[in-house]
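Please look over the sequence and the model shown below before reading on. The report that follows takes up the loops, the sheet, the core and the charged pairs in turn.

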Amino acid sequence: HALRPSSFVLGAGRRFIQADLASALRVDSISVEDPRAVGFPLDSDPFLDSQDPCPRYGVTGVTSTAGRFRVAVRPICPDPISQNHQSFAKPSVEVVSEAGGWRIANVFYENGKDLKSMLCEFANRDTVPVRRAPKCP
């Protein structure tokens with residue numbers, strides 16, 4: 001069984017993800033496994049904005065502001081049915097240069113939401129107080 005693309009990124013931890021985002025994703029992951037949780041954990045690949053991601057993604061554009069780069073991506077699916085199904089998933093991944101490499105700082109979605117804000121909202125709905133975020137971005 002192949003790993004989801006997010007499993008690879010999350011497994012590499014801070015090698016590819018900024019520390020604050022990695023911590024928020026870890027809390028979300030733990031809450032999924034905890035029967036006490038009554039939050040709203042992520043239910044899709046957070047980097048690709050999909051429950052059934054395509055095997056490849058292509059860069060459609062890059063913009064930069066103050067040392068942060070937003071990389072817009074689109075799915076490239078092997079068949080037209082999957083491609084049509086995934087046509088809505090066009091996240092922009094924000095990356096920053098840190099410690100000699102590129103790190104994912106956040107992910108922005110077409111619906112106007114972003115990953116950090118969503119993780120914070122989900123954490124603050126959790127019934128386990130220790131997992132609540134001290135402040136949201």
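Ala66 sits in the loop between strand 1 (56-65) and strand 2 (68-76), where helices (H or I, at least four residues) and strands (E, at least two) are DSSP runs numbered from the N terminus. The model is a predicted one, in which local features need pLDDT of at least 70 and side-chain atom pairs count only at pLDDT 80 or more, while totals for chains, interfaces and linings use all residues. Residues are numbered from 1 along each chain as its sequence is written, and side-chain values use heavy atoms, with hydrogens and water left out.

Most residues other than glycine have a negative phi. Ala66, although it is not a glycine, has a positive phi of about 50°, and Ala66 is exposed, with a relative accessible area of 80%; here buried means under 20% relative accessible area, exposed over 50%, and partly exposed in between (1.4 Å probe, protein chains only). Ala99, in the loop between strand 3 (92-98) and strand 4 (101-108), has a positive phi of about 55° and is not a glycine either. Ala99 counts as exposed, at 72% relative accessibility.

## The sheet

Strands of a sheet pair through backbone hydrogen bonds, either parallel or antiparallel. In this model 4 strands form an open sheet in the order 1-2-3-4, and the pairing is antiparallel, two strands being counted as paired if DSSP finds at least two bridges between them. Strand 1 and strand 4 stand at the edges with a single partner strand each, so one side of each is left without a neighbour in the sheet. On average, neighbouring strands of this sheet are turned by 30° against each other, direction ignored, with axes taken as lines fitted to C-alpha atoms (for helices over the stretch in contact) and angles running from 0 to 180 degrees between N-to-C directions.

Strand 3 is joined to strand 2 by 5 bridges, the two running antiparallel, and strand 3 also pairs with strand 4 in the antiparallel sense over 7 bridges. Val95 in strand 3 stands opposite Phe69, and the bridge partner of Val95 in strand 4 is Ile104. Ser97 has Trp102 as its bridge partner in strand 4. Strand 3 and strand 4 form a hairpin with 2 residues between them, and the turn contains Ala99. Because 5 of the 7 residues of strand 3 are buried, this strand is largely enclosed by the rest of the structure.

## The nonpolar core

The largest nonpolar core has 17 residues, and those with the most contacts inside it are Leu21, Leu25, Leu42, Ile104 and Leu115; such a core is a set of buried Ala, Val, Leu, Ile, Met, Phe, Trp, Tyr and Cys residues joined through side-chain atoms within 4.5 Å. At least two residues of this core come from each of helix 2 (19-33), strand 2, strand 3, strand 4 and helix 4, and helix 4 gives the most, with 4 residues.

Which residues does Leu21 touch, not counting those up to four places away in sequence? They are Ile104, Ala105, Asn106, Leu115, Lys116 and Leu119, with contact meaning heavy atoms within 4.5 Å.

## Charged pairs

Side chains of opposite charge can pair when their charged atoms come close. A search of the whole structure finds 3 salt bridges, each being a side-chain nitrogen of Lys or Arg within 4 Å of a carboxyl oxygen of Asp or Glu. In one of them the side chains of Asp20 and Lys116 meet at 2.9 Å, N to O. Asp20 lies in helix 2 and Lys116 in helix 4, so the pair ties together parts that are 96 residues apart in sequence. Asp20 counts as partly exposed at 45% relative accessibility, whereas Lys116 is buried at 18%. The side chain of Lys116 also reaches the backbone oxygen of Ala105 at 3.4 Å.

Glu94 forms a salt bridge with Arg68, the closest N and O atoms being 3.2 Å apart. This pair links distant parts of the chain, with Glu94 in strand 3 and Arg68 in strand 2, 26 residues apart. Glu94 counts as buried at 11% relative accessibility, and Arg68 as partly exposed at 33%. In the salt bridge between Glu98 and Arg103 the closest N and O atoms are 3.9 Å apart; Glu98 counts as partly exposed at 31% relative accessibility, while Arg103 counts as buried at 12%.

Methods: Polar contact = N/O pair within 3.5 Å; in protein donor to acceptor, adjacent residues only side chain to side chain.
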